[in-house]
Amino acid sequence: MPLPNFKRAYPNNRPLPETGLWFAINQHGVIVLANEDKLRLPSGTSHLPGIERPANAILLGEVNQVACLACTVPDDIVLPDGYRALGLRDLYGRLDDTLYVVAGYATQMLHWQRTSNYCANCGAPLMPIPNEWGKRCPRCSFTAYPPVSPCTITLVHDEDRILMTHKRGWGPRYGLVAGFVEPGETLEQNVEREIMEETGVEVADIRYWRSQPWPFPHQLMCGFYARYAGGDIVIDHDELDDARWFTADDIHNGRPALPAPLSIARQLIDNWLASQSPAARR
Ligand SMILES: [Zn+2]
């Protein structure tokens, strides 16, 4: 997803500005003004009672020269009339695209702030490293930084059909093979291994397409295409309860239900479908 208007605050050594756009987050999601058709983020310094100049506020950057501030709102604060907390999945398509991605960034950074108070090595309280997002242990010098977990997600294609997978609890929706990259593994090796382990299928011509931050809580989804190269589908029942081929016609006819438009899974599928259209084949 492009971020044409977002400029990251880095190094993060500037004082908090007096005004800005608030990405205020509680346990339910991002707090928005929801009394109009289009959702708005709170702005200024006094529009959200209970969180003015909160101690944990951070400056994430700027959108069109407007500061983007993030903070955690304690769960005991009752939101005033007109305000609602919405999860990122519910915000998709209802906020400007750039602000939506910044909301995901805010969510990841606040999750990091909340979960990085103590040294993982010796248990002492961690201290901020000046001009960085990282933290250092004053006792043992262990350092920690906001985590990003790389994952691959791959559309396996074979002529006019693609391999789609289903997990328990997904209802009618099918997705694509995905998995976390293991230590010591390349992205391409991960693509091959995950597809073999989950579906028993061999692939070739692995091609990187694009990536997407996936803040649930901190994955980086790396999207690939791969060509089917052999093998029958044999699913890993610990991971999946079904995997099967669907043709472009099946999908155009509504079978199966597809992943949500915000996901790179859906974007991989839509991009492949476009390449299968009669106009694209000419
Ligand atoms: Zn330590």
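1. The model is predicted. Between domain 1 and domain 2, 11 residues of domain 1 are in contact with 8 residues of domain 2. The domain assignment places domain 1 at 6-115, domain 2 at 118-146 and domain 3 at 149-281. For domain 1 and domain 2, the C-alpha centres are 25 Å apart.

2. About 890 Å² is buried between domain 1 and domain 2, and carbon and sulfur atoms give 60% of that area. On the side of domain 1 that touches domain 2, β4 (58-63) and α2 (97-115) are the elements that give two or more residues. The largest share comes from α2, with 4 residues. By class, this side of domain 1 holds 8 nonpolar and 3 polar residues, with no charged residues.

3. The count of salt bridges between domain 1 and domain 2 is 0. There are 4 residue pairs in polar contact between these two domains, with both residues at pLDDT 80 or more.

4. A separate point concerns Asn 190, which lies in helix α3 (residues 187-199). Is Asn 190 buried or exposed? Asn 190 counts as buried because its relative accessibility is 0%, and the cut-off for buried is under 20%.

5. What does the side chain of Asn 190 make a polar contact with? The partner is the side chain of Thr 152, at 2.5 Å. A polar atom of the Asn 190 side chain also lies 3.0 Å from the backbone oxygen of Phe 180. Leaving aside residues up to four places away in sequence, Asn 190 touches Thr 152, Gly 179, Phe 180, Val 181, Glu 182 and Glu 185.

Definitions and conventions
Residues numbered from 1 in each chain as written. Predicted model: local features only at pLDDT ≥ 70, side-chain atom pairs only at ≥ 80, totals over all residues. Heavy atoms only, no water. Domains from an automatic or database assignment. Contact = heavy atoms within 4.5 Å. Buried area = accessible area lost by both parts, 1.4 Å probe. Salt bridge = Lys/Arg side-chain N within 4 Å of Asp/Glu carboxyl O. Polar contact = N/O pair within 3.5 Å; in protein donor to acceptor, adjacent residues only side chain to side chain. Nonpolar A, V, L, I, M, F, W, Y, C, P; charged D, E, K, R; others polar. Buried < 20%, exposed > 50% of the residue type's maximum accessible area, 1.4 Å probe, protein only.
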